[in-house]
Amino acid sequence: MDAILLQILNGLDKGGAYALIALGLTLIFGTLGVVNFAHGALFMLGAFCAVTVNKAITLSAKVRDESVTFFEAYKDVPYLEMWLGETGSLIINWSIPISLLVAIPVMLGIGLAMERGLIRHFYKRPHADQILVTFGLAIVLQEIIKAFYGANPIPQTAPDFFSGTVNLGALIGMDLTYPTWRLVYFIFSMGIIAAVFSFLQFTTFGMVVRAGMADRETVQLLGINITKRFSTVFGIAAVVSGLAGLMYTPILPPDYHMGMDFLVLSFVVVVVGGMGSLPGAVAAGFLLGILQSLASMTEVKEIFPGIDQIIIYLIAMIVLLVRPRGLMGRKGVMED
Amino acid sequence: MAKSTVTPRSDLTLFLGFTLVVLAMPIWLQPFGAAYPDLMQKFAIFGLFAIGFNILFGQTGYLSFGHAAFIGVGSYATVWIFKLMTMNVIPAIIFGTLVAGIFSLVIGFICLRRTGIYFSILTLALAQMSYNLAYSVLTPITQGETGLQLSTKDMRLLDGAVADGAGIPPTNFFGIEMSAWDGLFGFYFCAFFLIVGFYISIRITRSSFGSMLRGIKTNQTRMMYTGLNTRPYKLAAFVISGMYAGLAGCLMAAVDPLAGAERMQWTASGEVVLMTILGGIGTLVGPVIGAAVIKYAENIFSAIDKSVLVDLFSFLPDTLGTFIASVVSLFVGKGWHLTLGLLFMLVVIFLPGGIMEGVERIKRRFFVKSRADSAE
């Protein structure tokens, strides 16, 4: 029982990442009608925002190491530590939360630039063209990152404050030790999801966007510039998946193709949840994340060897054959 | 691309011209520095793959993102025949193509229930699943990460066991080794299949079956309103193109007898999409040209490294030369994929019809001009 609960918990952080990417994909698809194969690249770019900020604040000078007396030894001391002392090391330690502040405007900018510069010209083209051009863009983005940061994963560390584990089972008398950062990631993803939903549900802007998703022409006839709002939505979707990638860096060291790996799975998540359904995307994200981690239990693997590798695809196939629209798909979305 | 000028005679000319060009490859590729067997085999194999892909994507309008899986299945099946039965390539190729056909029948049966983007994602998911399986559970069959290789201990029922101390026997076609004639035999062997595949694709395009496929691409709903069941046609197109891919995989294994899971990765599927698009979707020769251009460019670009570039720009002032060399080096050598991605985007944005459309445009410009001249 403990083991199962623990696996469900383990699935939550991965599920959170799937849910956030799928949420962004669905937002873009629901508003602009564009299938964005470059969305995984946005996830990866977010992760590399963290890497860049970390690199920037740990810029170091070579200083003579006084503790070595036999010969002249040098060590790297970040400028921040030299100037600010203790505060400096604290800032470096908190580099990931700090990079959140940098990533939001950067990702918004990238998202808007992508929409204005490229995607906008593809609204009227067939879906196949949209898939292909964004696929090309994804390759270009990841190769650029590879050229600057190399091909190896770059490990990032969470702030000391969040390191270690918490025992979630203490309250109910069970032993469920769980890495703190994963818990943080889960709470963070829930927060972002809640923020996106309430933005769409409770603001005037969100109301207009929802109206535009339902009937674009009527909204335009009312004199509202829906195109402009939709490109903002694209920006928001870019921020959401960028932040998802950024916060994921302590769990999975970012490398240039992490986006592609997540993209394929997120597409499956979107299809299972139902194309164009935001709650469906979130629910399916967590569902598949949890199922995947349940399938990697040794007890399950003994019965079905290798099930952890294919469970997601298997579920997707079954769902599409039984409920072709996905779990919460709406009628009339992408049916032709 | 159905033009009123298409006649059996023009098709024959096209076919004969194509055959001639393919067979003469070792001669006319010489000035391009591409006339060595390894590369020409790649041209033929990937050309075949792209022709098959075009039957599904170009004619029927279904964008599959999982076609590399069939290449993998074909390769594995071929190598297994080499291991178990004989090193003669013919039984292996027949078996491999059949296995790929059956595999694509199963995949097609599932995926073709959906259309459009759903179809693309389903094929992507299934291919990715086969890739993962080949790496993990199916290791006894696929040898996982090392890849499936021949060894002297294989049983080879028909050939008999290898004598002690002898190496692994080479793949052969009734006694003629694939590497015979300085490797040219391997090329001509692949070229034969390319030409046959091309001929079949012409016949399919011109047949009523082909026009049915184009009908599905143009307006499937209308096809169904006329009382037609489109599923058998789609499934047939899917299986045919899967078998083409399988055959390509068999040929890969025939000229170089090993099979690895990385052939099934979805980036490999993306590559064939690019070949087809670059050459010209729905055209007959386009995919082959696209495949050849990409394989040629890959070969050229990935061989260039920074020192070559520095030499190349050495006529410029030092700093400027190094600067340009370092900028260009982003696009070549290991950065070749960046060029590939950019090419992909540029083609989709500016030339959705690929090279064939470009040729057509240029032709039209001259043709219109000459007509204007004669009108004066």
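How many residues does the contact take from chain A, and how many from chain B? I looked this up and found 30 residues from chain A and 35 residues from chain B, where two residues are in contact if their C-beta atoms, placed from the backbone, lie within 7 Å.

Helices here are DSSP runs of H or I with at least four residues, numbered from the N terminus.

Before going on, I wrote down that this is a predicted model, in which local features need pLDDT of at least 70, side-chain atom pairs count only at pLDDT 80 or more, and totals for chains, interfaces and linings use all residues. Residues are numbered from 1 along each chain as its sequence is written, while chains are lettered from A and ligands numbered from 1 in the order in which they are written.

Next I looked up F238(B), which lies in helix α10 (residues 231–255) of chain B. F238(B) counts as buried because it has 25 C-beta neighbours inside 10 Å, and the cut-off for buried is 20 or more other C-beta atoms within 10 Å, with C-beta atoms placed from the backbone. Not counting residues up to four places away in sequence, F238(B) touches L56(B), S104(B), G108(B) and L112(B).

Finally I turned to L23(A), which, leaving aside neighbours within four places in sequence, is in contact with residues including I193(A), V196(A) and V240(A).

Conventions:
Helices (H or I, at least four residues) and strands (E, at least two) are DSSP runs, numbered from the N terminus. A residue is buried if 20 or more other C-beta atoms lie within 10 Å of its own, exposed if 12 or fewer, and partly exposed in between; C-beta atoms are placed from the backbone.
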